[in-house]
Structures are given as C-alpha cells and as structure tokens.
Amino acid sequence: MNEIFTLALLFSTLRQTTPILLTALGGLFSERSGVVNIGLEGIMLFGALAAAVVTQRLEVPFLASDPNAQIWWIPWVGLLAGAAVGGLVAWVHALASIKYKADQIISGTAINLLALGAPSLVLEYYYDNSTSSQEVVNRLPLISVGPENLSPLVFLAFLLVPVIWWVLFKTPWGLRLRAVGEHPEAAETMGVNVIRTRYVAVVISGLLAGIAGAYLSIGFLNQFVKGMSAGLGFIALAALIVGKWHPIGVLGSTLLFGFASALSIQLTGRNILPVPVVQAIPFILTMLVLVGFIGRSRPPAAVGKPYDK
Amino acid sequence: MALAPWMVPKREFGGVGYLITPFTTVNPQNLELPASLGLGWVGAVFWVWAGLMGAASLAFLQPDPRSRSRALYALGAVGVALFALEAVLFYQAVNSANQAALAGGATRVPLRRFTLSLGAYLGCFYALALLLLARVQLPGGKAFLVRYRGAAVPVVSLLLSVLVGALLILVLGRVPGVEGSSLSLREWVALKLDLITFSFQLLFSPIYTLSGWFNSLQQTTPLIFAGLAVAFAFRAGLFNIGGPGQITLGAIFVMIVGVFLPGPGWVVLPLSILAAALGGALWGGLAGWLKARFGANEVVNTIMLNYIAASVLLFFLASNQQRFFGYTLYLPFKAQGFEAKSLELRPEAQIPLMINLLAPGGEFSWAIPVALVAGLATFFFLRRADLGRRLLLGGGAAVLGYALGGLIPGPTLASDLVRDLAASKLNGSFLLALGVLILVHYYLLRTVGGYEMRAAGLAPRAAEYAGINLGRKIVLAMLVSGALAGLAATHYVQGGVMDEYRLKQSIPVGVGFDGIAVALMGQNTSLGVALAGFLFGVLRTGGLDLSQQLGISRELVTVIISLVVLAIALGGLLPRYFTDPLKAAQVETEAKDEEAARTAMRRAG
C-alpha cells in the first residue's frame, strides 16, 4: 500500500482535479444564474478539439524547417481558441435555454451528442483520420514544482477558487448573479437584467469548460483523441451538487474525484483489482457520494426554469 | 436557382459529375456524354420558373386575401406540374440517349448514374411553399398551422438540421476529383452545391431501393427499442439518458443465458429475450430507485451507470482471469483469441434472420408480411374502438393475414426481393420491436397504470395529491424504460447483426443516445417513434454510402441527428404558439371566434 500513497499520487491528484475543477467552477456560474448546463462534457470536448487543431495547424509552417520548433505563443493561442470555442458552444446553449426557453437538459444533451459526432468531421477534414488529431509539438509549458512538473492551468484552476468565491459573494455582480438564480422576478424588479446576467454566466461556464478541454488536449496530452473527456464533465456536474454550489465546496468535492481518478490510475496494472473495476471507481464513487449528499444540498431555486417576463 | 446545377446526367462513383445548369455546363473531369442526349430545354424552363416567381411576387401584392390565396394556389400547382414535367423530360432524354447508344452497338448503357439536382429541387420546394402559403393566407390559416404543430416542429427541425448539415458539407466537404485553382468561381459554386445535393441524395437513397429498405429496417430495430425507452421515461416525467448502459447490461444478460442455459428453443429463446429486458431493467431501475429513495437526479445517475456498464462489459470480455488482491477469479465468458468477444450463443437462443422466417424450408412466403401489415393497419385505424377490441381485432387481422398471405404464391428464391433480404441482417428482433411498440402504446394510453404514469409525468404534485404513489411510479417507469432499452440487445447479440452470434466489445451502444432523438422527433408517441426510428435508420444506412462514395465521414449522420435534438429543443425556432400548448389553444380559439363572427356577418348581410 505504501507504494501507492506517494508524492506522485498527490501530484497526480492535482493533475486529475484540474479539468474537473475548471469545469465545475464554470458550471457553478451557470447554475447559480439558474441555467443547468449538462452540455459541459460536450463543451469540454469542443474546447479540446479546437485547442489541439489550432495549435497543430499554427505550428505547421514552423515545423517545416525545424520539426521540434518551440514557439512560445502557439500553445497559448491554442488555449485561447479552446476557451473561445467553449464559450461559443455555451452561447448556443444560452440561446436555446434563455431566448427560446428550451428544456435545458435536452439542449445540453444535444450539445453532448454533437460533441460525439462533429469532431470526426473536423478531424477527417484536417487529418484524414476520424478518431484523433496529429500530435502537437508545442504543448502548454510546464512549471517544475519539487520533483514533478505541473501545468500552469493547474495553478490557474486552484487560484480561481478564491477569486470566484470573492466575485460571487463579495461583489455586487455576484450578488445579482445569485439573485437571478434564486428569484429572477425579484431580481428584475430590483433592476437586474436577468437575461443578460444569464447569458454572461453561461458563456463563462463555456469558457472555463473550454479551458479544461484545452488542458486535456494540449496540457495533459499532446493531441485530441475522440471522447477524451471520458465523463469528466458529468463528474464535474456531480461535484457541483456535492459541493453545494459553493466554490469552496466544489474545490473539496473535485479534489475527492480527482483523488479517485488518480488512485484508479495508480491501481491500474498492479494486480490488486481488475482493471475494469479500477476504471469504474470514480463513477461508482460519484454515485455513492451523490446519494449520500442528497437532501443536504439545495440547488439555486430557479435552476432549470426558463425565465418568462 | 440560377447558380445551382439542375441535373447531372452522368456521375462517377466518387461523386464527380457532368453538371448542367440553365446557362452552361460544368464538367471538371471532361466526362463524355452521348451526342444524342437532348437537354436543351433546361434554359427555357429556367425562364418559365423566373416568370412564375415574378408572378408569385405580384400575387403577394394583391390586397384581398382570398384572391391572393387563389392566385398562390394556382401558381403553386403550376410549379409542381413544372417540376414533374422537368423530371419526365430529363428521364426521357436520358433513356432515349441510352437506347440510341445501345442501338448504335454499345455493349452497355453510357448513362447509368444520373439525377436531378439542387436547382430543380429548389423549384419544387418553392412551389410547395407557395401551396402552404396559399393555405395560410386564408382566414384561419394560422390556426391550421398550429393544429398540425405535432408534425410541424419535427419536420421544421429536420429541415433546419439538414440545412446546417449542408453548411457543414459546404465548409468541410472537398469537391471530388478537381484541383480548386483551375476552377472559375461559378464552377466552384456549382460543384459545391452539387456536392451538398449529392450527399443528401446518398443519405436518403435507401428509400428508393428494396435493399435500402431492408437495411434501414435493420437499423431501425434498435432505434425503436431505444426510442421507446426514452419516450416511456419522458411520459413519466423522467429523462433516461442511460440507454447505452442499459443496452450493455441487457447484452450481458442475453449472453449469459444464451451461452449457458441448455434446453429446447421454445424455452431458451423467450428466456434469453426476457434476460435482455431484465438486464436493462436492473440498470434503469437502479437509477429510478436512487431517485425515488434518495432524490438523486436520474440524469446524472444514468450517465454514471453508462460508464460503469462499459466497465462491466470489459470485466466480462477482456480476460478470463481477473485478480482481486492476489486472488484470481476465473470467468468462463470470453472466447479464445485476441478479440474481446464472448462465446457463441447456443443455436436455440439465436433469433432467426428474417429471410429464414420468411422463407422457411427454402420457399418464400408472404404470410408474415401480410399478417404484419394487416395487424398493424387494423390496430392503428380502429382509433375509435376501445383497446381490448383493437388488440383483439388487430390480432385477428394478423392471423387472417397470415393464413391468406400463405396462399399468395411467393417470388422465387432467385428474385431481387429474396436476394436483398438475405443480404440484409434484418432479423426477428424487428417483429419483437413492433410487438413491444404496440404493448407500450396500449399500456400508456389504455390502462389505468399508464394513465397514472402520464399523470405523474405531467403534474407530479397533482398526481400525488390524487393518491398516486410517485416513488413507486418513478421506479416502475425507469424499470420499464430500462427493460425497453435492454431489449435492443436482442437485435445485436441474438440477431447476428454483428456478423456473429456473440457479445462483442464493439457493440454499438451509442444507439441508446440516438433514442433521445427518436423519442423527441416522434413526440413520445408510439407511431411517431416508429416513423422517426425509420427515418434515422434510413440516414444511418445512407451514411454508409456517403462515406464509401464521397469520403465524407458517416459521423455526419450523428451530427444531423444531434442537430435534430437541438432544433426540437428550440421548438424548431418556430413562434411560441407552436410549442406552448396554452398559446396554441389561444390561436385556435381566436380563429374559431373569427369564423363565427364572419358567418354571423354573412347571415346578417
């Protein structure tokens, strides 16, 4: 057992937590404003795709002369592209659920379904391969911490927790956002623009999920692989419920799931538990925790309900 | 219309074609046409169309709605006739050119693949739109549209998704066979538009051929199960997004019973089908129970169960030894060899292919098709009768059809029909799907339990107040929903669709997600689910042609299906009175009041 619980497991936990945390923090904005965003999983995939493809296409002219050319700005542009595409897809969800008052679960599901098929078309166009992109040479840089390296996005994710806490609970905009999610009619009466607040919140959720996706494709790995988010977006949603829609709670619950994922990676190939069982651990844990926490966790009152003036 | 190609008299397999537009031809690869082909009328017909459009614009300026509508009706009818004339002229021209070539000593016809193209179709759509507009111009036109909103939203959603799909092809599709630099802009536009039209012609092409129908029905079978599963849960106010997991569990249960249960076929076959339902019910019911007992959201839980089911499948198929803390567990499920697949099902547990059902002993019989059509038609046309009588009469008609159909002499075994049927993997699971469809329809609409289920879905608080046990309804709904999804496994594992009668790791469980689109498109009704399932079955079949001939990923179909879901969530971008029942009722009442006022006026005046 000692060889499992090592410093490496701690770093692995941080790495595994990052995409879940980023996505869950995004979901926090969206749900606090009253819009369920079950499409986060799909948005993550779109973000990952955009980041990988943009990075790879940008470096093509530089790689012609030097196949290992490191250009510092290329991965950052890729990251921005991932965030932008995430925001764009989220905007579609916002349009559906705010302007057209669609069923938010169905609209989000449509985005997830789209993320199952659409990447293949793009990949086929650029790479004649429907399951993965070419590998990128210019990954996001790493920062060495003690014995290991971490992506700067890891720091960003954890830094965002206090920032978002401060924005949500200490600024007027945060107060308005929460009011919109709890009682949009009352907020409107007090002069808050409910529609605009919700649009902004949903797009922010897409930006963060897009960054999480970019982290997967050009931070964690160095290419886009079909279905690479593998349920992290849904786990993030569950983490949001378990974390009671509060940044600090979300940090705690995502660390729990990050730990479960890290543990399942550590356990793989050690002949302690069968690989399929190990792979299922994060999902089983999610269900157990969800069941255990229900009743004590209260969502924003207006979540999932379209706002009708 | 002026830019788009009108017809393609000759097309190569890879999609390259000889395009004819009203003013010029586009022929990037220098295909040769027979000199006898006469299509000189295309330019003239274009001016007729232009005249028609001008006349339609003038008709809109008419102040009186009645005469406006009359003019539009007439113009629309002319347009449809014009389109029909175009089609007839085109097919005649091609045929006579082919005949001339054969008479001239050619060994085979020079024009085998030819189609009308976007320009011609646009005219047809325009004429149909005129007809619809003509109806809307009349008093009560809006109410007319609203009355058919059940069909309007899915149809408009499909059109929107096809439109977005067309944009995707426009951006991502490569014009086959030419380098872009040598093209003029006009040629490039024509070729791109042709690529779009040809792609959608391929997607919907299974409708035109017998083999396409059989293959589409084969693809429809699991979609019906998956669609029913989602629709059933929707009716009870639940969203079952766990189709993939439920199908996986159903497949595992089928495999266990089908491989290891000895016995005669009449015991093993029904038991293995029940096992499929049981496996799915277990997975769906678990999510239902967690919701009823702990209030855990069924959406998140069914998604988690999808991932867990994938692991369970891997557990059974990846290896015959699994190690737990140093102990080794030996499993008997995986077949020898590298590939992750189970042992073969016993012959008793296999569902026969349709060709074996329809041609038992080598002789084709119309008994089953006639019985099916008679039974279904009777069931769906006796709307007025109560359910017991409908079932009884439907069953009677089916039996009668079976007896009479057996008397009709069947085609010989060498016929196209038999050959195409044998080539498709259409199997007995299709009949099971139709049977389940009717049972669900009966349960939901004609029984007390089904009524309570729908009440719980429409207004849970009110239902609870009326004495319905909500918790029990939730569990039951998810049990049944899961069972329906699980039954899709009979198609894959027992029907031999995956080329072998085994459970494989590559079992396409994603069909569980497509069930969401089928249910939404079918408006959660059984007939709607059947029709939507068939539509998506056609698209999935056509998607194979698409990727073979044009190299456009068949994932385009997945994209179109998910866009349908999105568009339906958006209410097809139609005005609110199409999607909101209250507003729809308002429109209809207004129309009725208006009508009443008008009759009163007429009587008085």
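Predicted model: local features only at pLDDT ≥ 70, side-chain atom pairs only at ≥ 80, totals over all residues.
The biggest giver to the nonpolar patch is helix H3 of chain A (residues 73–99), which supplies three residues. Trp76(A), for one, sits in helix H3 of chain A.

Over in chain B, there is a pair of helices to look at. Helix H8 (residues 243–260) and helix H9 (residues 265–294) of chain B have axes that come within 7 Å and cross at roughly 145°. The crossing of H8(B) and H9(B) is a right-handed one. On the H8(B) side, the residues making the contact are Gly245(B), Gln246(B), Leu249(B), Gly250(B), Phe253(B), Val254(B) and Val257(B). H9(B) brings in a list that includes Leu271(B), Ser272(B), Ala275(B), Gly279(B), Gly280(B) and Trp283(B).

Charged side chains do pair up elsewhere, with 14 salt bridges counted over all chains. One of them joins Asp194(B) and Arg11(B), at 2.8 Å from N to O. This pair ties together distant parts of the chain: Asp194(B) belongs to helix H6 of chain B (residues 185–204), while Arg11(B) lies in strand E1 of chain B (residues 7–11), and the two are 183 residues apart.

Definitions and conventions
Residues numbered from 1 in each chain as written. Chains lettered and ligands numbered in written order. Heavy atoms only, no water. Axes fitted to C-alpha atoms, helices over the stretch in contact; angles between N-to-C directions. Helix = DSSP H or I, 4+ residues; strand = E, 2+ residues; numbered from the N terminus. Left-handed = near helix turned anticlockwise from the far one by under 90°. Contact = heavy atoms within 4.5 Å. Salt bridge = Lys/Arg side-chain N within 4 Å of Asp/Glu carboxyl O.
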